[in-house]
Amino acid sequence: MYKILIVEDDDTITAVLTRTLLKWNYEVQAVVDFGRVGEQFAQFSPDLVLLDISLPFFDGYYWCQEIRKTSQVPIIFISSAADDMNLVMAVNMGADDFLAKPFRLEVVLAKIQALLRRAYTFGTRKDVIHAGEATLSLSDATLAYNGQKLELTKNEFRILSLLMEKKGCAVSRDEIICALWENEAFIDDNTLTVNMTRLRRKLEETGLKGFIETRKGMGYLIPENYRPEDGGSAKGEKT
């Protein structure tokens, strides 16, 4: 479970972000003593920081510099001051991304997931992911099975990598949409359905029938120990 520290003095924004991130199974802490942000950062040891620019005592730039003295944790600035000067300052201080207020929660989630994936997942995992006898190559976005190599589109690769990383666990449609939306291209529910249908068709042609199961009301799942003869339960698209 990734840990996220929120450094934001607007109680309403903090509450909304906290509720949303908890819903997505992140561990969340919000700073309440803005004179001791550094101490709470050290005690909580977060995996990502959401940092406002305008804060009591010291501004976000100051705290970003302080954090960068000891950590390369991903930092996303959130601010209503979204002019070029603030964007340049944020980058120069060591921020990884910038969110202008007001923002959409879908965008916040997409940016958080993209940063966490770049900072931790790809830097520590192997070059391949296995699910049964199927092997997904992270270097060339191909799936190998039964002597065949399946070329994947960008979206197909992202869907499979997410499901295979979490094999045995249901992944919701919303979580997959956020993963596909990390490049900020517009992905909606119908777009996901089209991508999932095409991907399943490709998998079946390779011999992986029922590789991606639909769990009604929960999302999609690749079984922990997939076997082709299981046949899966991939009936219907909507969950």
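Trainee: Which way do Ile-75, Phe-77 and Ser-79 point from β4, and which way do Ile-76 and Ile-78?

Mentor: Ile-75, Phe-77 and Ser-79 point one way and Ile-76 and Ile-78 the other way, and all are buried. Buried means under 20% relative accessible area, with exposed over 50% and partly exposed in between, using a 1.4 Å probe on protein chains only. In a regular strand the side chains alternate between the two faces of the sheet. Keep in mind that this is a predicted model: local features need pLDDT of at least 70, side-chain atom pairs count only at pLDDT 80 or more, and totals for chains, interfaces and linings use all residues. Residues are numbered from 1 along each chain as its sequence is written, and side-chain values use heavy atoms, with hydrogens and water left out.

Trainee: Which strands does β4 pair with?

Mentor: Strand β3 (residues 48-52) runs parallel to β4 and is joined to it by four bridges. Four bridges also join β4 to β5 (residues 97-100), again parallel. Strands pair if DSSP finds at least two bridges between them. Strands (E, at least two residues) and helices (H or I, at least four) are DSSP runs, numbered from the N terminus.

Trainee: What sits across from Phe-77?

Mentor: Leu-51 stands opposite Phe-77, and in β5 the bridge partner of Phe-77 is Phe-98.

Trainee: Where does helix α3 come in?

Mentor: Helix α3 (residues 60-68) makes a right-handed β-α-β unit with β3 and β4. Right-handed means that, with the strands pointing away from the viewer, the path from the first strand over the helix to the second runs clockwise.

Trainee: Which residues of α3 are buried?

Mentor: Gly-60, Tyr-61, Trp-63, Cys-64, Ile-67 and Arg-68. Seen down the axis of α3, they fall within an arc of 165°, so they line one face of the helix. That arc is taken from the directions from the helix axis to the C-beta atoms.

Trainee: Changing topic, what about Glu-213: buried or exposed?

Mentor: Glu-213 is buried, with a relative accessible area of 10%. Glu-213 is found in strand β10 (residues 213-215).

Trainee: Which side chain does Glu-213 contact?

Mentor: That of Arg-215, through a polar contact of 2.9 Å. A polar contact is a pair of N or O atoms within 3.5 Å; within protein, one must be able to donate a hydrogen and the other to accept it, and residues adjacent in sequence count only if both atoms are side-chain atoms.
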